[in-house]
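Please look over the structure below before reading the notes.

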2 protein chains.
Amino acid sequence: MITMQQLVAGIDIGGTNTVFGLVDEKGNILLKESVATEHFPIPEDLVAVVCERIKKSVAAFSHKYNFVGVGIGAPNGNYFKGTIEFAPNLKWEGIVPLAKLFSERLNVKAVLTNDANAAAIGEMVFGGAKGMKDFLFITLGTGLGSGIVANGELILGHDSFAGEIGHVILFPDGRQCGCGRKGCLETYCSATGIKRTYSDLLMRHPEKNNLSGKVADAKYIYDKAVQGDTEALEAFNYTGDVLGLALANSVAYTSPEAIFLFGGLALAGDFIFKPTIESFERNLLNIYKNKIKILPSQLKENDAAILGAASLILKELNEFI
Amino acid sequence: MITMQQLVAGIDIGGTNTVFGLVDEKGNILLKESVATEHFPIPEDLVAVVCERIKKSVAAFSHKYNFVGVGIGAPNGNYFKGTIEFAPNLKWEGIVPLAKLFSERLNVKAVLTNDANAAAIGEMVFGGAKGMKDFLFITLGTGLGSGIVANGELILGHDSFAGEIGHVILFPDGRQCGCGRKGCLETYCSATGIKRTYSDLLMRHPEKNNLSGKVADAKYIYDKAVQGDTEALEAFNYTGDVLGLALANSVAYTSPEAIFLFGGLALAGDFIFKPTIESFERNLLNIYKNKIKILPSQLKENDAAILGAASLILKELNEFI
C-alpha cells in the first residue's frame with residue numbers, strides 16, 4: 001500500500017507576476033510557473049488560467065499525492081475574509097474574494113494572507129524558524145514588509161492587517177513615505193530607502209558622483225560597498241543603524257526568540273547585518289540584550305513566495321506543524 | 001444541592017505594598033487586605049503571612065466556594081518560570097520562585113506575570129475588553145506599563161518579558177530614562193513624564209511658577225488644567241500628542257480592536273483622551289484610521305491589581321473565558 005502524501009498549491013499574487021506552484025509536505029516544489037498579473041484586468045480570468053494549470057499538474061501527480069488545499073499570498077490580503085481589499089499595486093478594483101474563487105474552482109480549502117505573513121509561516125514550516133513560537137520576519141524589498149509570530153500563531157489583529165512594521169513612524173517629520181505620512185521605517189530600510197540614503201550622501205560629494213544622472217539601485221550600492229567605496233559603506237551602516245533601532249523597539253512588543261531578515265538587502269551579508277546587530281544591541285532594553293538572534297532567512301529568494309503561501313494552508317490543515 | 005463556585009486568590013506584589021484578596025468567578029472581591037512589602041526582607045516570610053490570612057478567609061467561605069488557584073502580579077514576573085527576576089523596585093535579591101512558594105503553601109495551582117499583563121487579563125475577563133481577542137492595555141502610572149493581547153492570548157514572548165511599550169524609544173537622544181537609555185515613551189507619557197513636561201513649560205515662564213521650589217505632581221497639574229492654566233493644559237496636550245503617536249505605531253504591530261488606558265493620568269478624562277485620540281488618528285496608517293477605539297479602562301483603580309491577578313488564574317483554569 002502506498003501512503004498518499006499531501007499536496008498543496010502555493011500562489012503569490014504580485015503587482016507584476018503571479019507565481020504559483022505545487023508543494024508537498026516536506027517543502028519540495030513539484031511545479032513552479034508564473035503568469036503576468038497585469039495581463040488580467042479581471043481577477044476571475046487569472047484565477048481560471050492558474051487553476052487550469054494547477055488541475056493539469058495535480059492530475060499528473062494523483063498516483064502519489066492527495067491535493068488538499070490552496071494557500072495564497074497577496075498584497076492587502078485579508079485572512080478572515082479571504083479577500084484582497086483595494087491593493088494599491090494591483091489593477092483590480094474594490095474587494096476581490098480571491099480565496100473563494102480559487103476554492104470553488106479547485107474544490108479544496110483556500111486561505112489567504114499578505115505576502116510577508118505567508119513568508120513568515122514559510123520560515124516557520126520550512127525555514128530557520130522551525131520549532132520557534134515567537135519570531136519576527138522582515139522582508140527588505142522595495143518596501144519593508146513584516147510578519148509577526150507570537151505564541152506559535154501569526155498575529156493578524158482584529159482586521160487581519162497587523163504586522164506593518166514598515167509603517168512605524170521612526171522619525172516624525174522624517175522622509176516622505178508613499179503612504180502619505182513621514183518618517184516611516186521603510187523610507188530608510190528597504191531597497192528604496194538605501195537608494196535615498198546613498199543619493200543623499202553623494203550630494204555631499206558631487207565630485208564622486210559618476211552616475212551621470214542615472215539612479216543607483218541597491219545592487220549598484222552593494223557592488224560599490226564590495227569595492228570599499230566610502231559612501232556605499234556609509235549607506236549600509238546608516239541603514240543598519242536605523243534598522244537596529246527599529247528592531248530593538250519591536251522587541252519591546254513581542255520579545256521574539258529571533259528576527260529573520262529576507263529580501264535583496266538581507267543578501268548583502270555583513271554589510272547590513274553587522275551595523276544592524278550593533279545598533280540593535282546598543283538600543284535594546286537591558287532585559288533583552290545578548291539573547292535575541294538576528295538571522296538571515298533560510299528561504300531561497302526565488303522559492304519563498306510559493307513556499308510561504310503553501311505553508312499557510314499546510315499549517316492550517318495540519319495542527320501538528 | 002448547592003453548586004460550588006470557584007474562588008481564587010489575587011496577589012499583587014508592589015514595591016511598597018502587597019495587596020491580596022479573594023475573588024469569585026464573577027469578579028466579586030470577597031477579601032481585600034495588604035501588607036507592607038518592604039517589611040519582609042525575606043520573601044518566604046511575606047508568603048507565609050499572606051497565605052495564613054488567605055487560608056483563614058478561604059475556610060470561612062468553604063461552605064459556598066471551592067478554592068482553586070492563585071494568580072500573582074509582580075514586577076519582572078516570569079510567567080514561564082513562576083519567578084520574579086531581579087526586580088529593581090523590590091529588596092529581594094536574585095530569582096524568587098514566587099509561584100512555587102504560594103502553590104506549596106496553599107496546595108493549589110499558582111501562576112504569575114507582571115502587573116500590567118495581569119491587569120490586561122483583568123480587563124478581558126472583568127472589564128471593557130470582554131469578548132475582545134486583540135487589544136492593548138496601557139497603565140499610565142509612575143512609568144508606562146503595557147499588556148498586549150492578540151489572538152485571545154497574552155503576548156509573553158520567548159522569555160515572558162514581552163509588552164514593554166513604555167520602553168520603546170520614541171525620540172532617539174530624547175529624555176533620559178531610568179532604564180539607562182534615552183527617549184523612552186515612559187519619560188513622556190506617565191505621571192513622571194507629565195511632571196517633566198510641565199516643569200519644562202514653567203521654566204519658559206518663571207513668573208508663573210509659584211511652587212516655591214516644590215515639585216508639581218500629576219494631581220496638581222490636573223487641578224491647574226481644570227482651572228484653565230495654559231501650561232497645565234499644554235502639558236496634557238503634549239503628553240497626549242506623544243502618546244497618540246506611540247499608540248499609532250503600536251497599532252502597526254498587532255492591529256488591536258481597542259486600546260485601554262488605565263492609571264492616574266487616564267483619570268484626567270478629556271484632558272488626556274482628546275489630544276491622544278487626535279494625535280492617534282493623525283498618525284495612523286490609512287488602513288487603520290477611524291476604527292480603533294481608545295477607551296478608559298473599566299477596572300476600578302483600587303481593585304485592578306487584585307482583579308488582574310485573580311483573572312490570570314481564572315483564565316488559566318477555565319479555557320472558556
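**Briefing**

Ile84(B) stands opposite Val96(B), which belongs to strand E7(B). This is a predicted model, in which local features need pLDDT of at least 70, side-chain atom pairs count only at pLDDT 80 or more, and totals for chains, interfaces and linings use all residues. Residues are numbered from 1 along each chain as its sequence is written, while chains are lettered from A and ligands numbered from 1 in the order in which they are written. Helices (H or I, at least four residues) and strands (E, at least two) are DSSP runs, numbered from the N terminus.

- Strands pair if DSSP finds at least two bridges between them.
- In chain B, an open sheet of three strands has the order E5-E6-E7, and the pairing is antiparallel. Strands E5 (77–78) and E7 (95–96) of chain B stand at the edges with a single partner strand each, so one side of each is left without a neighbour in the sheet.
- Strand E6 (residues 83–85) of chain B pairs with E7(B) in the antiparallel sense over two bridges.
- Chain A also has an open sheet of three strands in the order E5-E6-E7, with antiparallel pairing. Its edges are strand E5 (77–78) and strand E7 (95–96) of chain A; each has a single partner strand, so one side of each lacks a neighbour in the sheet.
- E5(A) and strand E6 (residues 83–85) of chain A run antiparallel and are joined by two bridges. Within this pair, Gly77(A) has Ile84(A) as its bridge partner.

**Strand E1 of chain A and its partners**

- Seven of the nine residues of E1(A) are buried (20 or more other C-beta atoms within 10 Å of the residue's own, against 12 or fewer for exposed and in between for partly exposed, with C-beta atoms placed from the backbone). E1(A) is therefore largely enclosed by the rest of the structure.
- Eight bridges link E1(A) with E4(A), and these strands run parallel. Asp12(A) has Gly73(A) as its bridge partner in E4(A).
- Seven bridges link E1(A) with E2(A), and these strands run antiparallel. In E2(A), the bridge partner of Asp12(A) is Val19(A).
- A hairpin of three residues joins E1(A) to E2(A).

**Helix H1 of chain A**

- Which residues of H1(A) are buried? They are Leu46(A), Val47(A), Val50(A), Cys51(A), Ile54(A) and Val58(A). They cover an arc of only 120° around the axis (taken from the directions from the helix axis to the C-beta atoms), which puts them on the same side of H1(A).
- On the other side of H1(A), Asp45(A), Glu52(A), Lys56(A) and Ala59(A) are exposed.

**Contact between the chains**

- The contact takes 33 residues from chain B and 33 residues from chain A, where two residues are in contact if their C-beta atoms, placed from the backbone, lie within 7 Å.
- On the side of chain B that touches chain A, the largest share, five residues, comes from H6(B).
- The same surface serves both copies, as 100% of the contact residues of chain B recur in chain A.
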